[in-house]
Amino acid sequence: MTDPRVQLSEEVADALAEGRPVVALESTIISHGLPRPHNREAAAEFEAVLRGAGVVPATIAVLDGVPRVGIDEAGLDRIAGEELAKASVRDLPVLAARGGSAATTVAATMRLAALAGVRVFATGGLGGVHRGFATTFDESADLGALAAYPVAVVCAGVKSVLDIGATLERLETLSVPVVGYGTDEFPSFWLPDSGHPLDWRVDSPEEVAAILTAQDALAQPGATPGLVLANPVPADAAWNRADHDRVLAQAFAAADAAKVRGKAVTPFLLAFIVDASGGTSLEVNLALARNNVAVAGRVATAYAASA
Ligand code: PSU
Ligand code: MN
């Protein structure tokens with residue numbers, strides 16, 4: 001068996017030891033969320049955005065049984081180029097024992113970031129409660145991870161293919177703080193709004209850092225949740241609402257007509273949406289992810305400065 005312990009890149013280990021800012025990056029968005037070759041370019045761009053701001057990127061994945069926090073160029077090539085499995089938290093021990101490789105979801109990325117001591121994480125969108133959950137019980141393990149690991153996740157909300165209201169209810173039940181970054185409303189991935197108001201809004205990275213510091217001070221060992229920093233897609237990069245609504249309605253109708261069920265529904269819908277939008281949904285996806293990475297860099301910098 002390979003060593004199942006988390007392996008930090010030298011760069012990440014040094015930065016953490018010296019109290020310099022580090023931002024965790026998810027690998028499932030690279031391997032499953034974005035098509036080739038855009039995915040490899042995006043992986044490089046996210047890291048470059050952070051480095052340009054003096055922040056150390058820690059892309060997270062499991063390679064040959066080793067959970068890695070901070071991945072080199074060859075590792076990024078593998079994540080973008082290979083047909084990797086998608087691993088959530090429950091898959092980590094099996095992969096480690098078998099020497100397997102996988103991209104990590106938000107949940108698994110949070111777990112490994114927490115083990116490494118990385119406090120801030122950027123992704124595109126969170127997993128959540130699926131439409132029809134009352135009969136399928138389909139709810140992403142991302143929500144349970146947010147309740148369990150002290151990592152702040154900068155995201156553009158959840159995709160409107162999920163049940164946004166139910167997702168927010170579950171986050172409340174799980175005692176996960178949800179804070180709008182420059183917004184009073186929860187964003188819905190491709191759109192900056194969703195009709196769901198938020199209780200808390202911040203307008204600067206320093207305000208987020210203050211909340212994280214307070215969360216650390218109030219921490220109960222083994223029971224400290226993460227935080228959702230809901231960062232809307234910039235207005236000039238958002239999808240047009242009418243096109244969004246039209247394409248989503250077409251996607252749901254097509255899934256129904258093709259009798260797609262269960263866990264095949266989301267991949268079907270997302271592929272349909274990229275296609276039917278003529279690539280617009282992909283451009284919006286890249287823009288919001290880039291923006292989340294930039295904001296996460298500023299938050300990690302403010303948090304490191306306040307420590
Ligand atoms: N949302 C996106 N793109 C993604 C995902 C979510 O807009 O690629 C991925 C993330 O890795 C997230 C995972 O953690 O899907 C949730 O999957 P599941 O519902 O199977 O837990
Ligand atoms: Mn699921």
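Predicted model: local features only at pLDDT ≥ 70, side-chain atom pairs only at ≥ 80, totals over all residues.
Residues are numbered from 1 along each chain as its sequence is written, and local features need pLDDT of at least 70, while side-chain atom pairs count only at pLDDT 80 or more. Chains are lettered from A and ligands numbered from 1 in the order in which they are written, and hydrogens and water are left out of side-chain values, which use heavy atoms.

Around ligand 1 stand 13 residues, the closest being Glu26, Val106, Ser140, Asp142 and Lys159. This shell divides into three nonpolar, six polar and four charged residues, where Asp, Glu, Lys and Arg count as charged and Gly is among the polar ones. Helix H2 (28-33) and helix H8 (141-148) each supply at least two residues of the shell, helices being DSSP runs of at least four residues and strands runs of at least two.

| Residue | Protein atom | Distance to a ligand 1 oxygen |
|---|---|---|
| Lys86 | polar side-chain atom | 2.9 Å |
| Val106 | backbone N or O atom | 2.8 Å |
| Ser140 | polar side-chain atom | 2.7 Å |

Taken alone, ligand 1 exposes 470 Å², of which the protein buries 80%, with areas from the Shrake-Rupley method and a 1.4 Å probe.

The whole structure holds 16 salt bridges, each a side-chain nitrogen of Lys or Arg within 4 Å of a carboxyl oxygen of Asp or Glu. In one of them the side chains of Glu83 and Arg36 meet at 3.3 Å, N to O. This pair links distant parts of the chain, 47 residues apart: Glu83 lies in the loop between helix H4 (73-81) and strand E5 (85-87), and Arg36 in the loop between H2 and helix H3 (38-52).

Note on methods: Near = heavy atom within 4 Å. Polar contact = N/O pair within 3.5 Å; in protein donor to acceptor, adjacent residues only side chain to side chain.
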